[in-house]
Amino acid sequence: DVQSRGGEIASFSSVCGGLPAPEAANNPLMYKFSWSPMGVLRACQNDAIYMREGGVVNVEGKDLLSSARPFNNAWPSLHLEVLPNRDSLVYADKYGIQSANSIFRGTLRYHGFSSLLHVFKNMGLLEQAPGRGTWGGVLKALQEKQRFRDQRSYLMSCSGGDKATANKAA
């Protein structure tokens, strides 16, 4: 143990994520729901707080999905991204690492998960269930609710003009 030998923990980072095997990541989100789908979707809107190089970083839930960053620390061939996971600061006391100038807990996803879910959020899909029926029917109802004349312009607006992500959302 570093501290018992007189050392200090300068940085702590912990990441996790229930990722499917790459060959099973065969849908636009590259994710398989192994627990409550609404729980996953709500978790993507939680506030997060962590410490980076001595400064506290607050991420509002509305900005969580856009805060995802590439995760190249391990397994670069998997093309992962990481999102901050709720309150990382409580682990300073829990783990006795108050001297750390960086404390981060994150959730791993395959690259593109957050940008596509961000589009879904912009579409209104992460709010109350928009309705039942086919995917096309739900999209049409949301498009009309937000007063877009056609589905393409609606999806392009929700994706911030990113055509590839808009196509995935369709």
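Predicted model: local features only at pLDDT ≥ 70, side-chain atom pairs only at ≥ 80, totals over all residues.
**Figure 1. A close-up of Cys-16 and its sulfur.** Two cysteine sulfurs have to be within 2.5 Å to count as a disulfide. The closest cysteine sulfur to that of Cys-16 belongs to Cys-44, and at 13 Å it's too far off for a bond. The disulfide count by this rule is 0. As for solvent, Cys-16 has 43% relative accessibility, so it goes down as partly exposed.

**Figure 2. Cys-44, the cysteine at the other end of that gap.** Seen from this side, the story is that Cys-44 takes part in no disulfide, with the sulfur of Cys-16, its nearest cysteine sulfur, 13 Å away.

**Figure 3. Helix H4 packing against helix H5.** H4 covers residues 135-145 and H5 covers residues 151-158. Their axes are 10 Å apart and meet at an angle of about 80°, so the two helices are roughly perpendicular to each other.

**Figure 4. Zooming in on the residues between H4 and H5.** On the H4 side, the contact is made by Leu-139, Leu-142 and Gln-143. H5 brings Gln-151, Tyr-154 and Leu-155. Sorted by type, the residues of this H4 and H5 contact come out as 4 nonpolar and 2 polar, with no charged ones.

How values were computed
Residues numbered from 1 in each chain as written. Heavy atoms only, no water. Buried < 20%, exposed > 50% of the residue type's maximum accessible area, 1.4 Å probe, protein only. Axes fitted to C-alpha atoms, helices over the stretch in contact; angles between N-to-C directions. Helix = DSSP H or I, 4+ residues; strand = E, 2+ residues; numbered from the N terminus. Parallel < 35°, antiparallel > 145°, perpendicular 65-115°, else oblique. Contact = heavy atoms within 4.5 Å. Nonpolar A, V, L, I, M, F, W, Y, C, P; charged D, E, K, R; others polar.
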